Amino acid sequence: MPLLPYGLARPFLFNLDPETAHELTLDALARTQGTPLAWAWCNGRVDDPVTLAGLHFPNRIGLAAGLDKNARAIDAFASMGFGFVEVGTVTPLAQPGNPKPRMFRLPQANALINRLGFNNAGLEAFVRNVRNSRFQAKRDANPAPGRMILGLNIGKNAATPIERANDDYLACLAGVYPYADYVTVNISSPNTKNLRDLQSDAALDALLSALKSRQSELAEQHGKRVPLFLKIAPDLEETQVQAIADALLRHAMDGVIATNTTLSREAVKGMRHAEEAGGLSGSPVLEASNRVVRALRASLGKGFPIIGVGGILSGADAAAKIEAGADVVQIYTGLIYKGPALVSDIARALTRS
């Protein structure tokens, strides 16, 4: 169990601007990971193994991308008891993201709104941080089943025209491939102009075709096959979900992550900050995400890997996501509101579900 209950730290953090609190926390994790101070947030890992896309996950609870965009704190998150951790989104070139302020809390809804816009230090710095992690050194020394799984999430630069988006994704795929257990292709952030257009039929077909071709080349080059997952939005009609499912099967993608943040404000109307632009995450996204997961499972069949994310703030929420059709789940906003103890709470709940 952590030495420092999160309930003592949260009031201090929630008195700060959300992005300031985020960066302060991430910096503290990065600076103290691998030291005795890490006991402040360490959790014993709950064993609940599952095999997905050929990968052996030690349990079914993961960290969603976006919290650690530059892969600075992989070792810290590994010590919290996650079965898998996904870092990024990374773009080929460093970019500052959208103007501040760009993160907002809605505490009465256990929610966040962000319009960060893939702010990150770029592919070179990202890969360097992954390579320098203790996790990566242990992974290279002991590739046996039972270790945490690492996902690397890739995107496009804001300045890259949408018609050249494939170039950015292919560059990132080649850069992260040697160090990833799986790679996530993020086409669903609402905070990069026109990015969600890549979910349309023709654009998606072109992107997935290019990625699968490059995956085959990289597998031969590196002597290993790294699964490719696609991350999609919750704001999709049933026909759009069906079209995406058809594309996933047609291109033999390895899995799907459902879902990213939502543009809907129906569940938070009237709340302070509710009308801020950006993606809404947290409790209000749970049912929208579960709806997409259910539709995907119905279209993709029993064996297709689905990672469920969106609105999980308890073990019951996670179990509902599994019941909807997800194989494993991820958290982000729940970790901010509930702290590291949520990881083991969810893992234990899923062993019982």
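The legends below describe close-up views of a predicted model. Residues are numbered from 1 along each chain as its sequence is written, and side-chain values use heavy atoms, with hydrogens and water left out. Local features need pLDDT of at least 70 and side-chain atom pairs count only at pLDDT 80 or more, whereas totals for chains, interfaces and linings use all residues.

**View A. The largest nonpolar core.** This core has 99 residues, and F77, F82, L230 and L296 have the most contacts inside it. A nonpolar core is a set of buried Ala, Val, Leu, Ile, Met, Phe, Trp, Tyr and Cys residues joined through side-chain atoms within 4.5 Å; buried means under 20% relative accessible area (1.4 Å probe, protein chains only). Helix α7 (residues 201-222) gives the most to this core, with six residues; helices are DSSP runs of H or I with at least four residues, and strands are runs of E with at least two, numbered from the N terminus.

**View B. Surroundings of L230.** Not counting residues up to four places away in sequence, L230 touches V185, I187, L204, L208, I244, L248, M253, G255, V256 and I257 (contact: heavy atoms within 4.5 Å).

**View C. Strand β10 and its partners.** From strand β10 (residues 255-258), G255 and I257 point one way and V256 and A258 the other, and all are buried. Strand β9 (residues 228-232) runs parallel to β10, joined by four bridges; strands pair if DSSP finds at least two bridges between them. Here K231 stands opposite I257. β10 also pairs with strand β12 (residues 306-309) in the parallel sense over three bridges, with I257 opposite I307.

Conventions:
Buried < 20%, exposed > 50% of the residue type's maximum accessible area, 1.4 Å probe, protein only.
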